[in-house]
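Q: I've just opened this structure and would like to learn how to read it. Could you take me through it, one feature at a time?

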Amino acid sequence: MAEKYFDKALSNFTNDFASGGAIRHLADKGFTVKEIHDRLDFPTPVSKISETVWNHFLEEGIILLEDPLTGTSKGKVRFEKVQNKYGKTSFKRVTETVENQDAKYIKCEFGKFIYKDKKGFEESLMILDKRDREYIMGLPWPIGPVWHIADERMTRIENAMETEQGSDKI
């Protein structure tokens, strides 16, 4: 049993060391999960890339699991290097409160539609361009609602889906 936990931890460490930074960097540049997979030198499964991008977006506040209107701040974690009086170095976890007053979010329920009828949902995405479809289908959307920052891509997706089908697919 302990061996499985160790193997999983070692695998996660290896993947993060080999490709985690590259995945987060490319995600910040706007690449889809598929595009990131095609650009990586280290063989990383698409599911691992998807999970890494999702967790990165959660950490950065690009995606929120709670309605941003119910609370205007979120905690951002960082680590500070500290030394004791004998010179021993350690790291202290510090949570900063970040205000989201200027950020606008779009409520997304893609996970619910994927769960109900994946094939039908994929067909409804045909109104979007290829990169936008890949972006939506590449992330592991939960069944419940999430809020995605209203960047250029999500605003374009929202407008296209509302124009075509009403607001029932986003």
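A: Happy to. Let's begin with a term: helices and strands here are DSSP runs, numbered from the N terminus. Keep in mind as well that this is a predicted model.

Q: Then in what order do the elements of the chain run from the N terminus on?
A: They go α-α-α-β-β-β-β-α-α-α-β-α. In total, the chain has seven helices and five strands.

Q: How do I read the strands? Which of them make up the open sheet, and in what order?
A: Two strands count as paired if DSSP finds at least two bridges between them. In this chain, three strands form an open sheet in the order β1-β5-β4, and the pairing is antiparallel. The edges are β1 (63-64) and β4 (105-108), each of which pairs on one side only.

Q: Over how many bridges do β4 and β5 pair?
A: Four bridges, in the antiparallel sense, with β5 covering residues 146-149. For a spot to look at, find Lys107, which stands opposite Trp147 in β5.

Q: Now the helices. What describes two packed helices?
A: The angle between their axes and the distance between the axes. Take α1 (residues 2-28) and α3 (residues 46-60): their axes come within 9 Å and cross at roughly 60 degrees. That angle makes α1 oblique to α3. As for handedness, the crossing of α1 and α3 is right-handed.

Q: Which residues meet where α1 and α3 come together?
A: From α1 there are Asn12, Asn15, Gly20, Ile23, Arg24, Ala27 and Asp28. On the α3 side, they meet Lys48, Ile49, Thr52, Val53, His56 and Phe57.

Q: What is Thr32 in contact with, leaving aside its neighbours within four places in sequence?
A: Its contacts are Arg131, Glu134, Tyr135 and Arg153.

Q: And for the chain overall, how much counts as buried?
A: Of its 170 residues, 33%. The chain exposes about 11200 Å², and 52% of that comes from carbon and sulfur atoms.

Q: One last thing: among contacts between residues at least 6 apart in sequence, what share joins residues at least 24 apart?
A: In this chain, the share is 60%.

Definitions and conventions:
Residues are numbered from 1 along each chain as its sequence is written. This is a predicted model: local features need pLDDT of at least 70, side-chain atom pairs count only at pLDDT 80 or more; totals for chains, interfaces and linings use all residues. Side-chain values use heavy atoms; hydrogens and water are left out. Helices (H or I, at least four residues) and strands (E, at least two) are DSSP runs, numbered from the N terminus. Buried means under 20% relative accessible area, exposed over 50%, partly exposed in between (1.4 Å probe, protein chains only). Contact means heavy atoms within 4.5 Å. Accessible areas come from the Shrake-Rupley method with a 1.4 Å probe; for residues, only the protein chains shown count as cover. Axes are lines fitted to C-alpha atoms, for helices over the stretch in contact, and angles run from 0 to 180 degrees between N-to-C directions. Angles under 35 degrees count as roughly parallel, over 145 as roughly antiparallel, 65 to 115 as roughly perpendicular and the rest as oblique. A crossing is left-handed if the near helix is turned anticlockwise from the far one by less than a right angle, and right-handed if clockwise.
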